[in-house]
Amino acid sequence: MMMMRLHRFYHRLSLLSVSPFSYSLPFSISPNINLNAPFRTPGHLRTHSRNASKPAMSASRFHHLVPVNSALSEDGAAGNGFASASATSAEEDDEDAVIGVKYRVPPPEIRDIVDAPPLPALSFSPLRDKILFLKRRSLPPLAELARPEEKLAGIRIDGKCNTRSRMSFYTGIGIHQLMPDGTLGPEKEVRGFPDGVKINFVTWSNDGQHLAFSVRVEEEESSSSKLRVWVADVETGTARPLFQSPDIYLNAVFDNYVWVDDSTLLVCTIPLSRGDPPKKPLVPSGPKIQSNEQKTVIQVRTFQDLLKDEYDEDLFDYYATSQLVLVSLDGTVKKVGTPAVYTSMDPSPDEKYLLISSIHRPYSFIVPCGRFPKKVDLWTTDGKFVREICDLPLAEDIPIAFNSVRKGMRSINWRADKPSSIYWAETQDEGDAKLEVSPRDIIYTQPAEPQEGEQPEILHKLDLRYGGISWCDDSLALVYESWYKTRRTRTWVISPGSKDASPRILFDRSSEDVYSDPGSPMLRRTPAGTYVIAKLRKENDEGTYLLLNGNGATPEGNIPFLDLFDINTGSKERIWESDKEKYYESVVALMSDQKEGDMHINDLKILTSKESKTENTQYYIQSWPDRKLCQITDFPHPYPQLASLQKEMIRYQRKDGVQLTATLYLPPDYDPSKEAPLPCLVWSYPGEFKSKDAAGQVRGSPNEFPGIGPTSALLWLARRFAILSGPTIPIVGEGDEEANDRYVEQLVSSAEAAVEEVVRRGVAHPNKIAVGGHSYGAFMTANLLAHAPHLFCCGIARSGAYNRTLTPFGFQHEDRTLWEATNTYVEMSPFMSANKIKKPILLIHGEEDNNPGTLTMQSDRFFNALKGHGALCRLVILPFESHGYAARESIMHVLWETDRWLQKHCVSNTSEVSSDLDTSKDGAGKEVTDSENKAVAASGGGGAELADDIESEQFHSKPRLNR
């Protein structure tokens, strides 16, 4: 599914960005990842600074993608009433624990790291001759999050701006020329807009001569809060409004605008005829009724922010409805179609057609807008309707089994290698992954305007689930398919223009087996602005070569590579590889991809990144044949006070033989041979596997720069803690057994092995080891305190779900229902074991958590259960915060709470960890064995719980490319 999402954007964005390991796409580089970006579209590549990131889709190389349109935010001044937490008296501390506190700030050694100025995001021009420095400010104040928002159809809308709420922004744009010697010319600042503007959606025209971006100025009771579209001349840096009329505003609830050609944009605007928002009736016209009198089986996850009544439907239409307009750089405006809820706009590569998607009624009260009826139409770029491609009905009945999809046409896109041909996939299994059929998916293609009676051409048939296509030309395309249950992934070679050429399998492997990953083909930019597979040729060689860009996972860690791959013979030649000793390097993108046709190996030019344990990521251009390397960035160390921290990737073994890994961080200048063991914070996130061997493989590199996010566990290095970051917690279900069949047993066993290792090394005091996690990591934390109390002195659980009966139709990668796997749901729920939790636990949750499964109510009820059994516990609810925390006041308070908890219950702990417990280590083991013997039905995986989780899992990992 990842490939599918990515390919949507190949054909329409002139600016994409990828992160330091790269799948080659058009790109931008973002030193700071946005923690609360409302749009999850491909974004920038970044170096490491304060902001942490969430893992991206596991099927792809894009671990972390940051939208160009959303760079975190505001001035970051703290609110009133802040006081230093480092000198809090015991008496005051006890009082705070009872009555609560105002917003507080952590000690200066933590606060200074979080408040460090953020680095800019970078964006390369389509011709690779210029770089934008997109400037940003620090964490936003809470007042930004406190703005009114409408929660409608699974999304949150800022009605004042008519865009998604909580949208971050840039504060300025600087343009640098990339000189022939690889250096950067002086900065040219884009000017012309008012002071204090907030900039979003920065995009290049296809010829690289202009920029388009949105501008808003926050003024109370002023329409200027709405977004206006501006354009800037890249040569002069002069910016101006695109529309001559001051009454035309951008509607950015879904799509925003797209360059149709070098001088024309298609823009979603707020209809000029729109009046005031509908008013909620004081007295409803009737009761709220939902009915299933047809006895249809409909199972859905615990979606949030859904429509509730007719008023919500009207309000959704009010904010989401756009009028499409074509506007030229000279100000000429032409309407396209009538107002509707348009969700995407995709120009064809030849700039003649538009694929325009919209959603329409009937809406639903049980699923979000992504499942509403969807219509895709074909228009010409001069605003004439051509034909309807499809009109899909409401999709409330998509099964919860992983790999289940919507019925009908899906993933409708333009072929990147053709002027105006579309392609799409259609399921043959009714969208239900539990049905066994062959083929499971069929890929079709068709010209934009087929001849009368011309039927769609079948391009390829698949027995797994379609995952996308990388196009090259009529002789070559790569088709991807995968199946979650078996973790199988396959890559097919097809010849789209030859019916005589039989498709063949290029790669057939397990997605879990990172050691066997051959890499992904690098893509080059075409003159039309699309991205196709780059073909290379060598002197006196008739072979067809691709560039495979891989992470290079090995038992010693990732060693990224670039292989010259003969697509016909399968032979490989490694033409570039990362340094193994000190540095971690990766290939980001092609820089020699502007010309049409095959590239010669001697003309190859690539953008690479380079970092080490102590040196921030920098970017370089490397050219063949002499392999000359030119450094183009010089970012400072974001937290010099931790520049000499110690980092080691460690390996150890679980008692069942599964190999485990973790990253161990130690404070600067700490010497375990001379100093006493340290208090230790273990921060992790469980993962599901089908194979013990795959679970034991090493992921990541010991030489990666340690990115520290604003709520990262690594901040406590500044407080002289040892940090065990991301110890692998594999929950393995081999064969017919599902991973959660023995969740508690494997969780405890993994934690025991991790604790034993840090104690064996003499770096962690056995009575001063705390455990923590976010989202599913919080769920893990609560379970460990319940079932492994002999290991930890206290726990910190942020934004978790603790009672699985509240998520009865699946959670995380569990796709059995509560009624199919009652024992599993109950045994995995720490809520059901609240009476066993005797160690101090700090619960933190955003009051406006919109992530499926992790309702704020989960922490409320868990706290009451703990309190009802006399547990030492504390619950902190953060006003206005969602699943990940964004405001400076909130983040600083979370850090203060966490530091207070660790100082009080970890650093100051003088008792044996296992004292005062009803259950000893042996008892805990028996408890696990008993639970193992209970009969549990087995079944598959599902969608991850952390849909919008920003740093739930591996704080230690610097932004890296995968998800």
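How many residues does helix H10 (residues 856–868) have, and what distance does H10 reach from its first C-alpha to its last?

Reply: This is a predicted model, and what follows describes that model. Helix H10 covers residues 856–868 and has 13 residues. From the first C-alpha of H10 to the last, the helix reaches 19 Å, close to the 18 Å expected at 1.5 Å a residue.

Next comes the matter of which residues of H10 are buried. Buried here means under 20% relative accessible area. The buried residues of H10 are Thr856, Gln858, Ser859, Phe862, Phe863, Ala865 and Leu866. An α-helix has 3.6 residues a turn, so residues three or four places apart point the same way. With that in mind, the list can be read again: Ser859, Phe862, Phe863 and Leu866 are among the buried residues of H10.

Something has to cover those residues. The cover includes helix H8 (776–787), strand E50 (841–846) and strand E51 (873–878). Just after H10 comes Gly870, which takes a positive phi of about 75 degrees.

H7 runs over residues 743–760, has 18 residues, and reaches 26 Å from its first C-alpha to its last, close to the 26 Å expected at 1.5 Å a residue. Of the 18 residues of H7, 14 are buried, so H7 is largely enclosed by the rest of the structure. H7 is followed by Gly762, and the phi of Gly762 is positive, near 75 degrees.

Both helices belong to a chain that has 12 helices and 51 strands. The chain has 963 residues, of which 63% count as buried. Among contacts in the chain with a separation of 6 or more, 66% are between residues 24 or more positions apart.

A positive phi also turns up in residues other than glycine. Ser799 is one of them, with phi near 55 degrees. Ser799 lies in the loop between strand E49 (794–798) and helix H9 (822–828), and it is buried, with a relative accessible area of 0%. Asn162 is another residue that is not a glycine and has a positive phi, of about 55 degrees. The loop that holds Asn162 is between strand E7 (155–158) and strand E8 (163–164). Asn162 is buried, with a relative accessible area of 0%.

The bond from Arg361 to Pro362 is cis, with omega near 5 degrees. Pro362 is in the loop between strand E19 (353–359) and strand E20 (374–380). A cis peptide bond also joins Trp624 and Pro625, where omega is about 5 degrees. Pro625 is in the loop between strand E40 (618–623) and strand E41 (628–631).

Loop residues can also be partly exposed. Ser263 is found in the loop between strand E15 (257–261) and strand E16 (264–269). Its relative accessibility is 36%, so Ser263 counts as partly exposed. Not counting residues up to four places away in sequence, Ser263 touches Val327, Ser328 and Leu329. Ser263 and Ser205 are 58 residues apart in sequence, while their C-alpha atoms are 7.8 Å apart in space.

Lys407 lies in the loop between strand E21 (385–392) and strand E22 (409–414). Lys407 has 40% relative accessibility, and therefore counts as partly exposed. Leaving aside neighbours within four places in sequence, Lys407 is in contact with Leu392, Asp397, Thr427 and Glu430. One of these, Asp397, is 10 residues from Lys407 along the chain, and the two C-alpha atoms are separated by 9.7 Å.

Cys390 is at 7% relative accessibility, so it counts as buried. Cys472, at 10%, also counts as buried. A search of the whole structure finds 0 disulfides.

The largest pocket holds about 430 Å³ of space. Its lining has 19 residues, and Gly286, Lys288, Asp309, Glu310 and Tyr311 are the ones that lie nearest its centre. The lining divides into 9 nonpolar, 3 polar and 7 charged residues.

To return to the part you asked for: H10 has 13 residues, its buried residues include Phe862 and Phe863, and helix H8 is part of what covers the buried residues.

Conventions. Residues are numbered from 1 along each chain as its sequence is written. This is a predicted model: local features need pLDDT of at least 70, side-chain atom pairs count only at pLDDT 80 or more; totals for chains, interfaces and linings use all residues. Side-chain values use heavy atoms; hydrogens and water are left out. A disulfide is a pair of cysteine sulfur atoms within 2.5 Å. Buried means under 20% relative accessible area, exposed over 50%, partly exposed in between (1.4 Å probe, protein chains only). On a 1 Å grid over the protein atoms alone, a cavity is a set of points where a 1.4 Å probe fits but cannot get out, and a pocket is an open set with protein on both sides within 12 Å along at least five of seven lines; lining residues have an atom within 4 Å of a point. Grid points are joined across faces, edges and corners, and a volume is the space filled by probe spheres set on the points. Ala, Val, Leu, Ile, Met, Phe, Trp, Tyr, Cys and Pro count as nonpolar, Asp, Glu, Lys and Arg as charged, and the others, Gly among them, as polar. Helices (H or I, at least four residues) and strands (E, at least two) are DSSP runs, numbered from the N terminus. The expected span of a helix is 1.5 Å times one less than its number of residues. Contact means heavy atoms within 4.5 Å.
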